[in-house]
Amino acid sequence: EIIPGAEEARLIFVAARHAMSLEGGPHLLVDIGGGSIELVMVRDGEPMWMRSLRLGVSRLTEQFLEGDPPTPREVKDLEAHLATEMADLLKSARRDGVERAIGTSGTINTLVAMARAGRGEELGRLSGATATADEIAHIRRQILDCELSDRIELPGMDAKRADLMPAAAIVTDYI
């Protein structure tokens, strides 16, 4: 069943609040799916705002990333689109003093698994695992430097997601 974006953002918030403490903050919940991205700003366990943006990785790949690997021009065009669509929300998050971004999607789990593999850690359970912004930027470069057949072999990569990981890495790094 397809649900409206606002409802998806609300359900992501409810699930995250159930799974972890969202006290303090503010915290930015980030869910990167195939068709949309949900962003939820939370302070002291309550949502400050919730947004659903039609910027999912399947959609962005189809619209911007034809090459494998994507060309620098394709990446630049995608980044410009993200800036147009998300810059105001992310500026608001920074102005509000966001303390951390919390990923709630399989796409972000894959990036975190890659960060952990890069640190030589056991992958195991990913709940509560972290990756720094610098690690995400490094993984983005790795992903954008290779084609699908090589991406699949990157440590921590989920082979089922490898085709969409260029867009996922760009979006996550941008956020």
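The lining of the largest pocket draws at least two residues from each of α1 (5-19), β1 (27-32), α3 (72-95), β4 (100-103), α4 (106-118), α5 (133-144) and α7 (165-174). Helices (H or I, at least four residues) and strands (E, at least two) are DSSP runs numbered from the N terminus. The model is predicted: local features need pLDDT of at least 70, side-chain atom pairs count only at pLDDT 80 or more, and totals for chains, interfaces and linings use all residues. Residues are numbered from 1 along each chain as its sequence is written, and side-chain values use heavy atoms, with hydrogens and water left out.

The volume of the largest pocket is about 970 Å³. Its lining comprises 33 residues, of which Leu28, Ala101, Ile102, Gly103 and Ile108 are the closest to the centre. On a 1 Å grid over the protein atoms alone, a pocket is an open set of points where a 1.4 Å probe fits, with protein on both sides within 12 Å along at least five of seven lines; lining residues have an atom within 4 Å of a point. Grid points are joined across faces, edges and corners, and the volume is the space filled by probe spheres set on the points. By class, 20 lining residues are nonpolar, eight polar and five charged. Here Ala, Val, Leu, Ile, Met, Phe, Trp, Tyr, Cys and Pro count as nonpolar, Asp, Glu, Lys and Arg as charged, and the others, Gly among them, as polar.

Gly120, with a positive phi near 80 degrees, follows the helix. Helix α7 is largely enclosed by the rest of the structure, because eight of its 10 residues are buried. In α5, Arg140 is buried at 13% relative accessibility. Beyond its neighbours within four places in sequence, Arg140 is in contact (heavy atoms within 4.5 Å) with Val75, Glu79, Ala169, Ile170 and Asp173.

The largest nonpolar core has 39 residues, and Leu39, Leu60, Leu82, Met86 and Ile143 have the most contacts inside it. Such a core is a set of buried Ala, Val, Leu, Ile, Met, Phe, Trp, Tyr and Cys residues joined through side-chain atoms within 4.5 Å. Helix α3 gives the largest share, seven residues. A second, separate core of eight residues includes Ala9, Leu22, Val40 and Ile102.

Val40 lies in strand β2 and is buried, at 0% relative accessibility. The C-alpha atoms of Val40 and Met50 are 4.4 Å apart, although 10 residues separate the two in sequence. Among the contacts of Val40 outside four places in sequence are Ala9, Phe13, Leu29 and Trp49. Phe13, in helix α1, is also buried, at 4% relative accessibility. Its C-alpha atom is 7.4 Å from that of Leu29, 16 residues away along the chain. Outside four places in sequence, Phe13 is in contact with Leu22, Leu29, Val40, Val42, Gly45, Glu46, Pro47 and Met50.

Key. Buried < 20%, exposed > 50% of the residue type's maximum accessible area, 1.4 Å probe, protein only.
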